[in-house]
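Subject: Handing over a structure, with notes on what was found

Dear colleague,

I am passing a structure on to you, and the notes after it go through what was found. Please read them with the structure open beside you.

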Amino acid sequence: FSTLMQKIYSGKQLDILYAQAAQLDKLSAQDHIERAAVAFERELLRHYSLGGRSIYVFAGAGRCGAYALSIAQTLSRRGHTVFAYLFYRGGKLSPECEAVRERLPRDTFRLEEVFTDFTPPKIASGDLIIDGLFGADLQTPLSAGYVGLVKFLNESSAPIVSIEIPSGLFAEDNSGNKLDSVICAERTIAFDSPKLAFFFRENEPYVGAWSCLSLGISPQAQHGIDTAYYHVQDAALSLALQKRPRFSIELPREKALLLTYVKGHIGKTLLSARAAFRAGCSELHALVPTEEALSISLTLPELTVHTPSDEAKLLTGINAYRTVVIGEGFGTDEEALHLLESLLTPSYSRPFLLEGDGIALLSSDRKLLKKLPKNSILIASHLEMDAMFGDFRSDRERLERALELARECDIYVILRGTYSAVCAPTGTAFFDTTGNTGLQTQGASNVLAGVIAGLLGQGYQSITAAVLGLHLVGLSAELYAGRYSERSLTATSLIDLLGEAYHQLEAK
């Protein structure tokens with residue numbers, strides 16, 4: 001399904017994309033830039049009232065500057081008060097920027113071209129700044145007069161909206177950047193591809209809220225441009241949903257197994273089990289403490305419950321299960337560690353699903369990572385990743401370590417966060433931006449584990465189960481927030497809305 005995901009391109013890859021779009025789609029640079037200006041204005045009006053305020057547009061010499069000048073002209077035509085500044089040295093502009101500049105109506109359009117000295121305008125708090133100085137191809141920190149310009153813009157009290165990416169920010173890795181010389185945008189509006197930097201927490205002060213507008217470049221024009229990063233889309237996952245033929249009820253059923261040994265955690269097991277059934281799993285088994293078996297059986301009659309007296313027989317026949325979930329309630333003591341080690345044998349080749357206690361056990365003995373069956377799935381928060389491998393300086397560094405772990409162990413790692421990422425052993429990462437702050441609620445990770453287990457229990461491949469499960473839970477959170485408020489979201493609410501989340505994907 002990656003062919004229908006939104007690719008996350010680097011700056012250099014965008015140049016290739018636009019060249020292929022010009023050849024295959026007959027989309028000239030002029031047409032593309034004009035489309036961008038119209039789309040940008042439409043998006044701007046969704047978030048800002050432009051009446052009665054002055055708009056200050058700062059353009060650079062590259063393609064981003066061409067966007068900025070075209071946007072300034074479009075807004076000026078609509079009757080808004082626009083002041084445009086074009087910054088470049090040595091009289092050199094990119095062909096795209098030069099073409100837009102030549103078409104500007106000099107008699108009605110306010111354009112100041114800045115080569116050396118710049119007298120800053122007086123910008124009021126009610127005005128709006130549009131930043132189009134540098135785009136995604138910037139690879140060195142800003143210097144000289146641009147540092148002062150960025151400082152001036154950041155210190156103004158007017159909101160800043162950046163085109164493509166905040167000027168001064170690198171599109172991917174900012175570990176070697178001077179972040180005190182980066183535009184602090186309130187909002188960033190990109191075209192055709194989000195930038196990898198948008199997905200990292202350390203860049204949020206500069207990127208602000210962001211959106212990515214598609215300008216109609218065909219899939220054919222994107223073919224052959226390989227990228228390691230994707231933004232998950234509904235359309236791709238709707239096609240990944242398994243068909244359910246009328247006579248499938250007569251086919252053999254796969255099943256999944258939840259293992260809970262510690263008393264007092266049966267509520268979390270119940271969340272995972274309910275989520276697995278709502279995800280479509282037809283048969284689910286759970287091993288629970290003897291004294292809690294009756295209560296969970298009565299609460300969820302669909303669940304097949306086992307007690308420790310059945311353990312030997314259950315584990316002997318473990319290959320009958322499509323996946324085994326090692327989560328909260330499995331235990332984290334020495335006995336639990338030895339039990340996990342005994343389960344990780346070459347005789348069991350189905351994927352394990354580990355979260356909560358399972359991640360804690362792997363952190364206490366990282367040698368077990370190498371024993372995980374191929375295609376197993378780890379669900380780890382940022383804090384759990386740090387506990388396993390030490391503190392990371394940035395989300396970018398944390399993502400790279402998760403990708404490395406996935407490659408080394410031939411497994412999938414779900415890095416849970418505001419923007420969660422599914423890291424595949426191929427070196428590919430799938431970013432999911434669904435969800436909201438309600439997902440920090442207690443038990444949300446148990447629901448996610450249950451949904452993914454339920455998908456594995458239906459025969460989905462690990463990559464599909466991980467990406468689809470993450471997306472379904474995120475959609476459930478959004479559906480709840482749209483109906484009520486993300487502040488009141490509970491894990492049980494997530495489960496109750498999984499059916500509607502499925503329906504939303506099926507409608508695509």
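This is a predicted model: local features need pLDDT of at least 70, side-chain atom pairs count only at pLDDT 80 or more; totals for chains, interfaces and linings use all residues.

Strand β11 and strand β12 (residues 304-306) run parallel and are joined by three bridges, where strands are said to pair if DSSP finds at least two bridges between them. Residues are numbered from 1 along each chain as its sequence is written, and side-chain values use heavy atoms, with hydrogens and water left out.

Within the pairing of β11 and β12, Ala286 has Val305 of β12 as its bridge partner, and β11, helix α10 (residues 290-299) and β12 together make a right-handed β-α-β unit. Right-handed means that, with the strands pointing away from the viewer, the path from the first strand over the helix to the second runs clockwise. Strand β10 (residues 256-259) also runs parallel to β11, joined to it by four bridges, and Leu257 stands opposite His285 in β11. From β10 the chain crosses through helix α9 (residues 266-278) to β11, and this β-α-β crossover is right-handed.

In a regular strand the side chains alternate between the two faces of the sheet. Strand β11 (residues 284-287) is covered on both faces, since Leu284 and Ala286 on one side and His285 and Leu287 on the other are all buried, where buried means under 20% relative accessible area, exposed over 50% and partly exposed in between, with a 1.4 Å probe and protein chains only.

Grid points are joined across faces, edges and corners, and a volume is the space filled by probe spheres set on the points. The structure holds two cavities of 30 Å³ or more, and the largest cavity has a volume of about 90 Å³. Both β10 and α9 supply at least two residues each to the lining of the largest cavity, with α9 giving the largest share, three residues. Among the residues that line the largest cavity are Leu258, Lys268 and Glu355. The largest pocket holds about 1300 Å³ of space and is lined by 48 residues, of which Arg416, Gly417, Thr418, Tyr419 and Ser420 lie nearest its centre.

Finally, the aromatic rings: those of Phe, Tyr and Trp (its six-membered ring) pair if their centres lie within 6.5 Å, with planes under 30 degrees apart counted as stacked, over 60 as edge-to-face and the rest as tilted. The count by this rule comes to 20 aromatic pairs. Phe58 and Tyr85 form a stacked pair, at 5.1 Å centre to centre and 15 degrees between the planes. Because Phe58 lies in strand β2 (residues 54-59) and Tyr85 in strand β3, this pair ties together parts that are 27 residues apart in sequence.

With best wishes

Terms used
On a 1 Å grid over the protein atoms alone, a cavity is a set of points where a 1.4 Å probe fits but cannot get out, and a pocket is an open set with protein on both sides within 12 Å along at least five of seven lines; lining residues have an atom within 4 Å of a point.
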